[in-house]
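Take a look at the sequence and the fold before reading on.

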Amino acid sequence: MKYIKIAGSLLLLTMLLGSCHKTCTCTRYDGAIVNYSADEVDDRGTTCANMVFQSGVRYYSICEWD
């Protein structure tokens, strides 16, 4: 019984850690959608919401996590 609980806990933990892939979805003014991974957002040193600005210009109408 003890091993079943441990195996169940490990399975649940694996599912939780493996299924958490956040994507920053940005919508351009022409309706096109561009997706960025959490690593890409981190590499740019910004947040998803601030991805609307590219090189100091408002490039997207909105960016949000999915």
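Is R28 buried, partly exposed or exposed? At 27% relative accessibility, R28 counts as partly exposed, where buried means under 20% relative accessible area, exposed means over 50%, and partly exposed is in between (1.4 Å probe, protein chains only).

## Ground rules

This is a predicted model, so to speak of local features takes a pLDDT of at least 70, side-chain atom pairs count only at pLDDT 80 or more, and totals for chains, interfaces and linings use all residues. Residues are numbered from 1 along each chain as its sequence is written, and side-chain values use heavy atoms, with hydrogens and water left out.

## Overall layout

The protein has two helices and five strands; helices (H or I, at least four residues) and strands (E, at least two) are DSSP runs, numbered from the N terminus. Of the 66 residues in the protein, 17% are buried.

## Strand β1 and its two partners

Strand β1 (residues 23-28) runs antiparallel to strand β2 (residues 33-37), and five bridges join them. Two strands are said to pair if DSSP finds at least two bridges between them. Within this pairing, T23 has S37 as its bridge partner, and T27 stands opposite I33. β1 and β2 form a hairpin with four residues between them, and in the turn G31 has a positive phi of about 95 degrees.

β1 also pairs with strand β5 (residues 60-65), again in the antiparallel sense and over five bridges. Here T25 has E64 in β5 as its bridge partner. As a reminder while you look along a strand: in a regular strand the side chains alternate between the two faces of the sheet.

## The salt bridge

How many salt bridges does a search of the whole structure find? The search finds one, a salt bridge being a side-chain nitrogen of Lys or Arg within 4 Å of a carboxyl oxygen of Asp or Glu. The side chains of D30 and R28 meet in a salt bridge at 3.1 Å, N to O. D30 counts as exposed because its relative accessible area is 58%. Side chains of opposite charge can pair when their charged atoms come close.

D39 sits in helix α2 (residues 38-43). With 56% relative accessibility, D39 is exposed. Together with E40, D42 and D43, D39 gathers in a patch of negative charge on the surface. Patches are made of residues with over 30% relative accessible area and no salt bridge, with like charges joined within 9 Å and nonpolar side chains (Val, Leu, Ile, Met, Phe, Trp, Tyr) within 5 Å.

Now compare D39 with T23: they are 16 residues apart in sequence and 9.4 Å apart in space, C-alpha to C-alpha.

## A loop residue to check

S55 lies in the loop between β3 (53-54) and β4 (57-58). Its phi is near 55 degrees, a positive value in a residue other than glycine. S55 counts as exposed because its relative accessibility is 78%.

Conventions:
Areas by Shrake-Rupley, 256 points an atom, 1.4 Å probe, with all protein chains shown as cover. Lys, Arg positive; Asp, Glu negative; His and termini not counted. Charge placed at Lys NZ, Arg CZ, Asp CG, Glu CD.
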